[in-house]
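This report describes a protein model for a reader who is new to structural description. Please keep the sequence and the structure in view while reading.

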Amino acid sequence: MSRRWAIATLILAVLVVAGVYEFRALRRHVSQLSTEGPSDAEARRDVVAPQISTPTDVLAPAQMFWLAPGSADALAPVTIQLSLSTDPVQRSKQVIAALIAQSPTPAQRTLPADATLLQFYILPDGTAIADFSDELANETPSGILSEQLTVDSITRTLAASIHSIARLKILIHGQESDTLAGHVDLTGFFAVNTPPAPVPAPTPPATTAP
Amino acid sequence: MIAAGALLAHAVAAPQTIPPPAAPTAPAAAPTTAAVTAPFIVILDPAHGGADPGAHGSTGINESDVVLSFARQIRSALQVQGISVLLTRDADIDPSFDDRSAVANARDHAIFVSLHISSTGIPGTVRVYSLPIATPPPAAPATMPSAAGLLPPPVAEANPHPGLRTWDNAQDSFLDLSLRLAQLLQTQLTQNFRGSPPAPALVAVRQLRTIAAPAVAIEVSSVSVADRRQLDAMAGPLSDAIVHAVISFEPSYVSGAGSASAFAAGAH
């Protein structure tokens with residue numbers, strides 16, 4: 001082997017060793033980021049919907065409605081400690097932000113992790129308007145049951161902490177949407193602290209089938 | 001399209017679970033074959049289709065495929081009983097909500113059954129839904145500091161043609177009948193599918209709102225099953241339950257309820 005070939009081989013070997021070292025360091029770094037850093041959803045939420053803090057905030061228990069542990073079709077209340085404002089609009093934003101971000105387990109989640117509450121208003125007649133990002137519609141599992149559980153978790157959580165809201169209108173990115181994810185009608189209002197409409201007693205059947 | 005003024009008129013109640021019928025009435029025995037054509041028509045609505053597959057399972061199950069298969073099997077079971085049946089779609093297409101509603105609203109004495117498969121829920125169970133009764137807006141302004149004035153309070157738009165139905169709220173006149181149909185269906189389905197709830201639920205299902213006839217949605221759980229055959233196996237008991245419930249429902253509907261034909265001009 002000529003001297004030139006020996007030098008080239010040596011340089012190549014040095015480069016390979018350096019590459020392996022750099023690759024291992026890069027893997028460690030990526031692994032660290034994935035375990036310790038915020039998720040994409042969390043990072044995005046920090047930018048789009050920063051933590052809401054008001055001068056009147058006090059730490060108080062708040063009842064949240066997520067999926068019951070081990071259940072795919074029922075909600076259950078969970079009480080957590082939240083820093084809550086006395087202003088009903090700010091308080092509503094705080095509990096909905098917690099509803100999105102603080103579910104005990106991913107399986108108990110009722111709203112997509114990427115969803116954010118863009119705006120929240122309360123009108124003098126007790127009508128609340130919640131404007132969510134597109135992710136609420138795009139990432140809620142399609143189906144009557146799943147969509148209703150999503151709406152139900154929002155209205156029941158609001159009812160538990162903000163007693164002045166009578167009904168809720170849900171907007172998607174500032175617009176009225178026909179449905180949440182293809183089924184549940186978003187063109188109307190959802191009762192929050194209003195007693196449910198009376199259910200008519202079923203009339204006894206006239207006759208049985210032939 | 002939805003008339004803007006009508007949007008505020010149909011307040012939606014919170015979901016309610018309703019008690020099952022006091023006296024279960026569905027015939028226990030298999031329905032007899034009717035000698036004559038029944039005086040009503042069943043509109044089966046396989047949801048989604050075309051570019052909209054609906055719920056999609058991890059094993060590749062599409063809601064739109066399964067519900068179309070269900071609808072065809074249910075159609076056969078109903079026709080055997082002499083009951084006329086129409087499907088809102090009989091191919092892989094996706095009619096709009098209004099197109100599907102038009103199939104029912106153009107006919108007297110229709111019964112509308114929308115078929116769905118859920119993304120979630122306990123596999124093998126079936127739920128029935130009808131629309132809740134509309135709740136009026138809050139009576140008096142609540143006393144609270146808020147973003148008052150940012151948006152005008154909603155005002156319900158009066159129907160300029162009393163006696164005629166508006167397309168957007170066509171279901172309003174049929175809520176009682178829909179609830180009764182839902183109760184009969186849920187009773188039958190709970191017998192056939194263990195673990196299903198004992199009573200139907202009142203939920204604001206968009207498709208039902210524009211139906212001027214007794215209308216329910218049936219949702220089977222779920223596209224998350226490992227094998228499509230698990231869902232296919234539900235078609236028979238599902239058909240039986242629907243046949244029983246429809247036959248039980250007929251007397252209370254045909255003898256007393258009106259038809260779908262009159263709509264307020266300009267509402268659609």
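The following paragraphs treat confidence, then chain B, then chain A.

**Basis of the model**

The model is predicted: local features need pLDDT of at least 70 and side-chain atom pairs count only at pLDDT 80 or more, whereas totals for chains, interfaces and linings use all residues. Residues are numbered from 1 along each chain as its sequence is written, while chains are lettered from A and ligands numbered from 1 in the order in which they are written. The pLDDT is the predictor's confidence in each residue, from 0 to 100. For chain A its mean is 86, and 80% of the residues reach 70 or more. Over residues 198-210 of chain A, the pLDDT is below 50, and this stretch has 28 contacts in the model beyond near neighbours in sequence. Two residues are in contact if their C-beta atoms, placed from the backbone, lie within 7 Å.

**Chain B: overall plan**

Chain B contains seven helices and seven strands. Helices (H or I, at least four residues) and strands (E, at least two) are DSSP runs, numbered from the N terminus. Along the sequence, their pattern is α-β-β-α-β-α-β-β-α-β-α-β-α-α. Of the 268 residues of chain B, 52% are buried. A residue is buried if 20 or more other C-beta atoms lie within 10 Å of its own, exposed if 12 or fewer, and partly exposed in between, with C-beta atoms placed from the backbone. Among contacts in chain B between residues at least 6 apart in sequence, 87% join residues at least 24 apart.

**Strands β4 and β7 of chain B**

In a regular strand the side chains alternate between the two faces of the sheet. Strand β4(B), residues 110-117, has both faces covered: B:Ala110, B:Phe112, B:Ser114 and B:His116 are buried on one side, and B:Ile111, B:Val113, B:Leu115 and B:Ile117 on the other. Strand β7(B) is largely enclosed by the rest of the structure, because six of its six residues are buried. From β7(B), B:Ala215, B:Ala217 and B:Glu219 point one way, and B:Val216, B:Ile218 and B:Val220 the other.

| Strands | Sense | Bridges |
|---|---|---|
| β2(B) and β4(B) | parallel | six |
| β4(B) and β7(B) | parallel | six |
| β5(B) and β7(B) | antiparallel | four |

Individual residues illustrate these pairings. B:Pro46 stands opposite B:Leu115 in β4(B), B:Phe112 opposite B:Ala215 in β7(B), and B:Val126 opposite B:Val220 in β7(B).

**The nonpolar core**

A nonpolar core is a set of buried Ala, Val, Leu, Ile, Met, Phe, Trp, Tyr and Cys residues joined through C-beta atoms within 7 Å. The largest has 112 residues, and those with the most contacts inside it are A:Leu168, B:Val42, B:Ile111, B:Leu185, B:Val216 and B:Val246. Helix α7 (residues 235-254) of chain B gives the most to this core, with nine residues. Residues touched by B:Ile111 include B:Val42, B:Leu181 and B:Val246.

**Chain A: helix α3 and A:Leu117**

Helix α3(A), residues 88-101, is largely enclosed by the rest of the structure, because ten of its 14 residues are buried. Among them are A:Val89, A:Val95 and A:Leu99. The buried residues of α3(A) pack against β1, β2, β3, β4 and α5 of chain A. A:Leu117 lies in strand β3 (residues 117-122) of chain A. A:Leu117 is buried, because 24 other C-beta atoms lie within 10 Å. The C-alpha atoms of A:Leu117 and A:Ala97 are separated by 7.0 Å, although these residues are 20 residues apart along the chain.

Terms used
Pairing = 2+ DSSP bridges. Lists of a residue's contacts leave out its neighbours within four places in sequence.
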